[in-house]
Amino acid sequence: MKKYFILLLVIVFAASILFMGISCTEEKPYEGQAGLADIPVDEGDPFWSPDGKMIAFTSHRDGNGEIYIMNADGTGQSNLTNNLAHEGDPFWSPDGKMIAFESNRDGNGEIYIMNADGTGLINLTGNLADDGNPSWSPDGKMITFNSHREGITEIYIMNADGTEQANLTNNPGADDSDPSWSPDGKMIAFESNRDGNWEIYIMNADGTEQANLTNNSPGVDGTTFWSPDGEMITFNSTRDGNWEIYIMNVDGTEQANLTNNPADDGFPSWSPDGKMIAFQSVRDGNSEIYIMNADGTGQRKLTQLQ
Ligand SMILES: [Ca+2]
Ligand SMILES: [Ca+2]
Ligand SMILES: [Ca+2]
Ligand SMILES: [Ca+2]
C-alpha cells in the first residue's frame, strides 16, 4: 500500500538529507485518501507512454510533486506541471495524447487531465473530498480512480470528460484504492483492506464479482499493473520484509519476487511491448526510477537526483 511504502521512502530520504547536512523545507503532505499521502520522494510513479518511447513520473526535485516526462532511456527530462501544489500519479491516455494525474492545487485531491505537452489542463472531479490514482480504460472512454467523497475510500468510474461519476466498489466498511484496468477493459484490479490486511483484488469493470487474489499474504500488497497481454499482474508487497516488486498470474497463482533487494522497490509499470518493467527504488539512498526486464534481470537506474 502506497502509504507505508512512501513512509519508508521518506525515512530514507530524510536520513540522507541529514547525513548530507542539508536543510530541507518540509512539504505539506498531500492529504490523499486511505492514507495515500503522497509525501515527498525524489522520483517515483513511473508510467510508460503507449508508444513505449517515453516515461512519465512524479518528481520532487523542484520542492513539490510535479509530473515529469523523459525519454525511455532517461534523457530529456522535463517538468510538465510547474505548480506549487502536489502533482503525482501520472497515467497516459491510450492514444498517447493526454496524461491524467492527481493534484491538490484547489485544496484537495482531484483528477486532472492535460495534453502530453502540459497544456490544456482540465479538472475532472471538482469536489471537496480527495480524489486520486487515475487509470484510463484501454478504449480511452472512461477513467477509474479512488475517492473519499463518501467518507471512506472507494473505487469510482467516470467518463473521460468527468461526467457520470459512480461508485464501483460500494464497500463502506473498508478502503478500496489504486484501480488498474485490464488491457481488454473487462476487469479492474485494486487494493483493499476489507479482510484486515491489504490485499490485491480484482473485479469486473462494472464492480461485480470482487475477489481477493493475494489471499492471506502477510504484509501489505498493492499498486497493481497488468501485463500488456493481460495474463499477469505486477504489484508491490512487504511480505518478504521490505518492499519488493512481485508478479503473478491474473488468477493469483505463481506469485514471484522480481527485485529481491534489501532496499524498498515499488510502483511497477509494464512497458507496452511487455518486455520491461519500470519501477522506483531507494537502493542507492534516495528514490529513483529504474527499469528491468520483465523477468527481473537487467535492473538499472534511469534518473539521478540533480
Ligand atoms: Ca507541483
Ligand atoms: Ca476532490
Ligand atoms: Ca496482504
Ligand atoms: Ca526490495
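This report walks through the strands, sheets and hairpins of a single chain.

**Overall picture**

The model is predicted. Its chain has a mean pLDDT of 89. Of its residues, 86% reach 70 or more.

The chain has 306 residues, and buried residues make up 47% of them. Among contacts with a separation of 6 or more, 39% join residues 24 or more positions apart.

**The β5–β8 sheet**

Four strands form an open sheet in the order β5-β6-β7-β8, with antiparallel pairing. The edges are β5 (87–92) and β8 (122–123). Each edge strand has a single partner, so one side of each is left without a neighbour in the sheet. In general, strands of a sheet pair through backbone hydrogen bonds, either parallel or antiparallel.

Is β5 enclosed or open to its surroundings? Six of its six residues are buried, so β5 is largely enclosed by the rest of the structure. An edge position in the sheet thus goes together with burial along the strand.

Strand β5 pairs with β6 over four bridges, in the antiparallel sense. Across this pair, F91 has A100 in β6 as its bridge partner. The two strands form a hairpin, and five residues lie between them. In that turn, G96 has a positive phi of about 80°.

Next in order comes the pairing of β6 (residues 98–103) with β7 (residues 110–115). Six bridges join these antiparallel strands. Here S103 stands opposite E110 in β7.

**From β10 to β12**

Strand β11 (residues 154–159) pairs with β10 and also with β12. Five of the six residues of β11 are buried, so the strand is largely enclosed by the rest of the structure.

On one side, β10 (residues 142–147) pairs with β11 over six bridges, in the antiparallel sense. I143 stands opposite M158 in β11. Six residues separate the two strands of this hairpin, and G151 in the turn has a positive phi of about 90°.

The other pairing is with β12 (residues 166–167), through two antiparallel bridges. I157 stands opposite A166 in β12. This is a hairpin as well, with six residues between its strands. Its turn holds G162, with a positive phi of about 95°.

| Hairpin | Residues between strands | Turn residue and phi |
|---|---|---|
| β5 and β6 | five residues | G96, about 80° |
| β10 and β11 | six residues | G151, about 90° |
| β11 and β12 | six residues | G162, about 95° |

**The β13–β16 sheet**

Which strand order does this open sheet have? Its four strands run β13-β14-β15-β16, with antiparallel pairing. At the edges stand β13 (176–181) and β16 (211–212). Each has a single partner strand, so one side of each is left without a neighbour in the sheet.

Two bridges join β15 (residues 199–204) to β16, and these strands run antiparallel. In this pair Y201 stands opposite N212 in β16.

Methods:
Residues numbered from 1 in each chain as written. Chains lettered and ligands numbered in written order. Predicted model: local features only at pLDDT ≥ 70, side-chain atom pairs only at ≥ 80, totals over all residues. Pairing = 2+ DSSP bridges. Buried ≥ 20, exposed ≤ 12 C-beta atoms within 10 Å, placed from the backbone. pLDDT = per-residue confidence, 0-100. Contact = placed C-beta atoms within 7 Å.
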